[in-house]
Amino acid sequence: MLAAALCCSSAVACSDFLTEELQGDYSSKTFYTSAANAERAVNGIYNNIMFTSDQNMLWVFGDVASDDSEKGGSAGDKSDIDYIDNFSAMADNGILSDYWTYLYEGVARANNAIAYIPGIEMDEELQSRLIGEAKFLRALNYFHIVNIWGAVPLRTAPNTADNGNLALSDVATVYAHIERDLTESIESAVPVSYSGEDVGRVTKGAAYALRAKVRLFREDWGGCLSDIESLDALQQYELADNYQDLFVPGAEDNKEVIFAARHLSGQNPGLGNILNVYFAPSVETGYYFNAPTQSFVDCFSEQTVEGAVDPRLDISIGRPGEPWVNGDIFDASWSPTGYLVKKYEQPLSEVPIGTKSDGYLPYIYLRYADVLLMKAEALANRNTGTDLDDALDALDLVRGRAGLAPASAETQEEVLAAIRLERRRELGFEAHRFFDLMRWGREIAVEALGPELAAVWTGERYYFPIPQAELDSNKGIETDEAPRG
């Protein structure tokens, strides 16, 4: 506050001054009073899904916990990731605590917007749209929360002293709430597309795509296919002509991208993509985290119809003998595994070493290739009528873009195996692999991840421990509910 505001003038009595609302310091009552502030509130939820902070650790769970990568980095740097990678993390693990806090911050921002925007006198269509966006973003946060921790506190209202202690809601209940949020987002004034400065906000297509994914995870094959049909009816999305086009500046505007976190460099506070430094080699002042495994490289053994290496391999990772993003030849010594992730890296001509943590590539949460593979998987699992043939048609669209021949699978299990392999190759380092392995079941997950997982897998699937800070502060959680696995 300005120093002058601390003084009483002869024109204004001190008693009158002391009853004035604080200027520049908002409560929920004083902030949610205008359409402009309603939009600022929702923009704050978007900010929390960006990769501008090292607290957004989705890659640790989606990639490092899978067979696609290892922690990487120097041995002592963020060592808590190693415990997540080998499934020995305890409730006091710092990465678990930081990411839990980060995701629930996104939930809290959404809860405030959903609760208070309806009370603002403003254009009804804009009001409906903003609430619909907030519900989608809350659903996205809870989708990650439930897939990492399973049964969790389901917070759906602004935080108060009276609602801090919540019992755990089971997985089915959390998923039901996610679906409800997405349904209400679809039914809101969220549009099919935007123009101008609003491009990149939540669309109906994004809500259909995320609900399709939720239903796929819940093995609701018909519901998943229905959502994909509705998405296709919007006529907004198709595969990009070239896989590389998804991982360059401006990719967020590609016809394949359904929803992405957009980043902008040169801002204060920062809005740049920090993964540009997290995954870079030390010769570029990077931290070389999320180091790809030999297992990931080996899954690209199938050549294209022209006898070449699947182009997605060298677009996804740097490997010895091949050009790195700056054009120089990749050196195996840059990484403890001999490989590094390329999808979020920009050449130094675009982002110099001095601003390496301020990249501007988007992080794609949902894209149409993922939807096609979801469609193929749902069809193959339903397996009635021509479903297997239709599944192969969807699968072959993705394979064809990469230059691969049509899949030779025939039986249901062969088709499903081909889809699982294609998801790994197509979506590598986009934080899908670990969650896919979990939903495909113990046998597939243990085969990929080894005996360390088998030793701790005690339930329907493996979940990480709820952070100790939550167990200490939330008295609604019974102590015998805390163990995971």
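Colleague: Why is arginine 155 called buried?

Modeller: In this predicted model, arginine 155 has a relative accessible area of 13%. Buried means under 20%, so arginine 155 is buried.

Colleague: Where does arginine 155 sit, and which residues does arginine 155 touch?

Modeller: Arginine 155 is placed in the loop between β2 (152-153) and β3 (168-169). Not counting residues up to four places away in sequence, arginine 155 touches Tyr104, Val107, Asn111, Tyr142, Asn163, Gly164, Leu166, Glu470 and Asn474.

Colleague: What makes aspartate 227 count as buried?

Modeller: The relative accessibility of aspartate 227 is 0%. The cut-off for buried is under 20%, so aspartate 227 counts as buried. Aspartate 227 belongs to helix α10 (residues 221-233). Leaving aside neighbours within four places in sequence, aspartate 227 is in contact with Tyr208, Arg211, Ala212 and Arg215.

Colleague: How far apart are aspartate 227 and arginine 211 in sequence and in space?

Modeller: Aspartate 227 and arginine 211 are 16 residues apart in sequence, and their C-alpha atoms are 7.0 Å apart in space.

Colleague: Why is threonine 285 called partly exposed?

Modeller: Threonine 285 has 39% relative accessibility. Threonine 285 lies in the loop between α11 and β5 (289-292). Although threonine 285 is not a glycine, its phi is positive, at about 65 degrees.

Colleague: Is phenylalanine 429 buried or exposed, and how do you know?

Modeller: Phenylalanine 429 has 1% relative accessibility. With buried set at under 20%, phenylalanine 429 therefore counts as buried. Phenylalanine 429 also has a positive phi of about 65 degrees, although it is not a glycine. Its place is the loop between α16 (412-426) and α17 (433-440).

Colleague: Which peptide bond is cis, and what is its omega?

Modeller: The bond from asparagine 268 to proline 269 is cis, with omega near 5 degrees. Proline 269 is found in the loop between β4 (257-261) and α11 (275-278).

Colleague: What makes up the largest nonpolar core?

Modeller: The largest nonpolar core has 137 residues, and those with the most contacts inside it are Phe61, Phe136, Trp149, Phe259 and Phe464. Helix α7 (residues 124-149) gives the most to this core, with 13 residues. Another core, of eight residues, lies apart from it; among its members are Tyr243, Leu246, Val257 and Ile315.

Colleague: Which residues are in contact with phenylalanine 61?

Modeller: Leaving aside neighbours within four places in sequence, phenylalanine 61 is in contact with Ile84, Ile95, Leu96, Tyr99, Ile148, Phe434, Phe435 and Phe464.

Colleague: How many helices and strands does the chain have, and why is the chain called as compact as a globular protein of its length?

Modeller: The chain has 20 helices and eight strands. The C-alpha trace spans about 85 × 55 × 50 Å along its principal axes.

Colleague: What share of the residues of the chain count as buried?

Modeller: Of the 485 residues, 55% count as buried. The accessible surface of the chain comes to about 20,300 Å², and 48% of this surface belongs to carbon and sulfur atoms.

Key
Residues numbered from 1 in each chain as written. Predicted model: local features only at pLDDT ≥ 70, side-chain atom pairs only at ≥ 80, totals over all residues. Heavy atoms only, no water. Helix = DSSP H or I, 4+ residues; strand = E, 2+ residues; numbered from the N terminus. Buried < 20%, exposed > 50% of the residue type's maximum accessible area, 1.4 Å probe, protein only. Areas by Shrake-Rupley, 256 points an atom, 1.4 Å probe, with all protein chains shown as cover. Contact = heavy atoms within 4.5 Å. Core = buried A, V, L, I, M, F, W, Y, C linked by side-chain atoms within 4.5 Å.
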